[in-house]
Amino acid sequence: MNWVWLHKWGSPKWFYALSGRYLPWLTITSVVLLTVGIVWGLFFAPPDYQQGNSFRIIYIHVPAAILAQSIYVMLAVAGAVGLIWKIKLADIALRQAAPIGVWMTVIALMTGSIWGKPTWGAYWVWDARLTSMLILLFLYLGVIALGQAITNRDNSARACAVLSLVGVVNIPIIKYSVEWWNTLHQSASFSFTQKPAMPTQMWFPLLLTVIGFYCYFGAMLFMRMRLEVLQRENGSQWSTTEIDRLIGEHK
Amino acid sequence: MLFRQPSELVNPLAFFTLVGSLFPLALGTQPDFLRASAPGLLWVSALLAVLLSLEGLFRSDFDDGSLEQWIVSPNSLAILSLAKVSANWICTGLSLVVLAPVLALMLGLPGYCLPALMLSLLLGTPILSLIGAIGAALTVGLRRGGVLLALLILPLYVPVLILGCGAVEASLQGLPITAHILWLACLTVLAITLTPFAIGASLSISVTE
């Protein structure tokens with residue numbers, strides 16, 4: 001099999017060109033999916049027989065929580081790729097994905113606590129899933145803080161990669177230990193593989209918002225990475241022409 | 001090496017005792033309440049004491065260039081760092097295990113809990129030292145690594161804390177502790193096998209800085 005298409009993604013110049021081609025599609029898909037999913041979920045999906053309308057926050061909460069966990073796994077994968085094959089773009093991906101992961105975790109925690117007040121009667125309970133999300137937030141912050149503390153760019157990338165790998169080995173252990181410790185949260189209400197426990201009118205908008213969040217993440221990541229690639233490659237011929245072109249467009 | 005500077009050995013222990021005796025001052029001295037919260041208090045103090053001892057783990061070696069010798073030496077970095085961490089653990093972790101019963105009795109933990117406490121600390125503190133050493137290795141080249149070290153590794157300490165406290169609490173309520181202890185032992189083995197490689201990789205990153 002020919003792997004050239006994959007290897008092209010490793011070169012900053014090709015990445016810049018290819019991601020530029022995919023970026024508009026990702027952006028449009030995410031906007032459409034999020035708009036349809038959220039409008040459908042907020043206005044047209046039937047209210048829950050027990051929680052009434054407060055359940056509708058699920059359309060933000062669940063995608064953010066799923067994405068927050070996926071992004072950390074992505075950090076570790078990028079870290080491993082960066083450590084093993086020494087691909088610079090993997091470092092860029094790691095560094096640029098981490099802040100998005102922090103925001104997704106914060107959104108998941110905030111919406112969760114807003115939902116928890118009417119449903120459980122408290123903004124915060126020391127429940128397994130809440131606690132492991134909080135720990136995930138600290139893991140993200142650790143990666144970012146370490147990346148900023150080390151001034152040498154290559155070293156900081158390697159250090160972040162090691163840290164995110166250590167973190168990803170620990171995440172299952174943390175998850176199970178915390179679950180054993182205390183649990184109140186219902187088990188995951190959404191999965192790609194199992195038949196959903198809720199009716200289609202509720203479940204389908206959720207699917208749309210989950211995919212929409214992923215596309216949004218892809219678009220954001222591409223935008224952030226493109227900027228960083230341009231900054232790092234500053235001085236090479238193609239990036240100088242590209243920067244001149246971009247400046248020319250804005251004049 | 002640690003014994004040449006007794007303060008390095010004594011400081012974490014003094015810190016452990018001090019934190020342990022601050023809690024009764026802050027929380028009041030009702031014996032029932034203290035007894036019920038003793039497992040958590042002891043484990044948190046032990047955890048912080050280990051964290052404190054780790055900050056300087058590789059510092060002097062970094063300053064005098066020994067770490068560079070480690071890198072050029074024919075032995076693998078993983079083995080060397082495992083040796084270093086074990087030496088550190090014998091001085092701090094093991095002495096915490098010995099000191100813990102004294103503090104436990106001061107907090108009113110009944111005598112039949114002491115084996116569980118000591119066993120859980122004996123299995124748990126190596127994990128704390130090993131995981132912490134990764135953080136120490138990553139931050140050794142930085143000037144203000146202390147707070148960063150805490151941010152990096154405290155989240156990773158959660159499972160050990162839960163299992164350790166769980167063991168002591170179970171014994172306090174007269175329940176069997178085997179499950180908790182076996183899980184801790186499992187994590188210890190996992191930490192001993194995996195973390196030296198991460199420590200070695202982190203050291204080589206910090207040294208080339």
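This is a predicted model: local features need pLDDT of at least 70, side-chain atom pairs count only at pLDDT 80 or more; totals for chains, interfaces and linings use all residues.
Residues count from 1 along each chain as written, chains are lettered from A and ligands numbered from 1 in written order, and side-chain values use heavy atoms, without hydrogens or water.

**Helix 7, chain B**
- Helix 7 (residues 114–139) has its end C-alpha atoms 36 Å apart, which agrees with the 38 Å its 26 residues should span at 1.5 Å a residue (1.5 Å times one less than the residue count; helices are DSSP runs of H or I, at least four residues, and are numbered from the N terminus).
- A kink of about 25 degrees sits at B:Gly124, shortly before B:Pro126 (the angle between axes fitted to the seven residues ending there and the seven starting there).
- Helix 7 of chain B is largely enclosed by the rest of the structure, because 22 of its 26 residues are buried (under 20% relative accessible area; exposed is over 50%, partly exposed in between, with a 1.4 Å probe and protein chains only).

**Helix 6, chain A**
- Helix 6 (residues 153–181) bends by about 35 degrees at A:Asn170, with A:Pro172 following within four residues.

**Elsewhere in chain A**
- A:Phe43, in helix 2 (residues 12–44), counts as exposed at 60% relative accessibility.
- A:Gln51 lies in the loop between helix 2 and helix 3 and is partly exposed at 28%.

Definitions and conventions
Helices (H or I, at least four residues) and strands (E, at least two) are DSSP runs, numbered from the N terminus.
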